[in-house]
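I set out to record what I looked up in this structure, entry by entry. The sequence and the model come first.

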Amino acid sequence: MKKLIFFALFCSCVFLSVGPASADSQPIKTYSFSKNNVSKDWSPRKTFTVGEKRRLGLFNNRNKRFPSQAVLTLNGLPAGTDLELKFDMIFVGSWDNEGKLADKFIVSIVDGPDLLNMTHFPCTLIDNDDSRPVGNEGLVRVGPKKRAYWIEPLTVKIPASEVTNGSLKIKFKGFLTGRKTELWALDNVQISPADISK
């Protein structure tokens, strides 16, 4: 009987110590784009099917057929809390990691600092041949051609000091050298309190 009481007390202590931490990590906002209707928090709000799901996009800053960037407007955020932004970045086509044709992807606060400045991408092609991708998730038809795509989960920290009166605007933008051969999209976007244990 004593062992049973001790075990019950032990379980209660574990539950109490774990409970608040897991509550803190609950997402404040989540966005997926499986339906045609995209939250008004986003600009623009057009989706495109990549793989078996719709994603926010496609984007290309050099091609007038596509928007150049996405802006997420958040309101009602907690004051004095560092935040964590997680999202799936979908790279489509032949993103270049180096040389004169190097590409770049930036996540920033609108009229504020960069949170992520990415210059290395998973888009590997054998002999720079679009028809010979390596490690891609699949192919997606864009215009007359099918292009390989890669999905990379990304995490960005947002300091509490960037939140003004509970509001925040986050900009996602690729700086591409390929007008038709390089595009991108977003999915599974999540804003949560930052995990201070990391």
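**Entry 1. Basis.** I worked from a predicted model, in which local features need pLDDT of at least 70 and side-chain atom pairs count only at pLDDT 80 or more, while totals for chains, interfaces and linings use all residues. Residues are numbered from 1 along each chain as its sequence is written, and side-chain values use heavy atoms, with hydrogens and water left out.

**Entry 2. Salt bridges.** I asked how many salt bridges there are. The count is 8, a salt bridge being a side-chain nitrogen of Lys or Arg within 4 Å of a carboxyl oxygen of Asp or Glu. Side chains of opposite charge can pair when their charged atoms come close.

**Entry 3. Glutamate 84 and lysine 157.** I found these two side chains joined in a salt bridge, with 2.5 Å from N to O. Glutamate 84 belongs to strand S6 (residues 83-93) and lysine 157 to strand S12 (residues 145-158), so the pair ties together parts that are 73 residues apart in sequence. Strands are DSSP runs of E with at least two residues, numbered from the N terminus. I then looked up accessibility, where buried means under 20% relative accessible area, exposed over 50%, and partly exposed in between (1.4 Å probe, protein chains only). Glutamate 84 counts as buried because its relative accessibility is 6%, whereas lysine 157, at 42%, is partly exposed.

Entry 4. Arginine 132 forms a salt bridge with aspartate 127, with 3.2 Å between the closest N and O atoms. Arginine 132 is partly exposed at 37%, and aspartate 127 is exposed at 66%. I also noted a salt bridge between lysine 145 and aspartate 130 at 3.8 Å, N to O. This pair links distant parts of the chain, 15 residues apart: lysine 145 is in strand S12, and aspartate 130 is in the loop between strand S9 (124-125) and strand S10 (133-134). Lysine 145 is partly exposed, with 39% relative accessibility.

**Entry 5. A network.** I recorded that salt bridges link Lys53, Arg55 and Asp187 in a network. Is arginine 55 buried or exposed? Arginine 55 counts as buried, at 7% relative accessibility. Its place is in strand S4 (residues 53-59). Neighbours within four places in sequence set aside, the contacts of arginine 55 (heavy atoms within 4.5 Å) include Phe33, Phe48, Ile90, Ile151 and Asp187.

**Entry 6. Asparagine 36 and asparagine 37.** I located asparagine 36 in the loop between strand S1 (29-31) and strand S2 (42-43), and asparagine 37 in the loop between S1 and S2. Asparagine 36 is exposed at 57%, and asparagine 37 is exposed at 71%. Beyond its neighbours within four places in sequence, asparagine 36 is in contact with Thr47 and Arg54. Between asparagine 36 and arginine 54, 18 residues apart in sequence, the C-alpha to C-alpha distance is 7.9 Å. For asparagine 37 and threonine 47, 10 residues apart along the chain, the C-alpha separation is 8.8 Å.

**Entry 7. Lysine 180.** I found lysine 180 in the loop between strand S13 (168-175) and strand S14 (182-193). Lysine 180 counts as exposed, at 52% relative accessibility.

Methods:
Helices (H or I, at least four residues) and strands (E, at least two) are DSSP runs, numbered from the N terminus.
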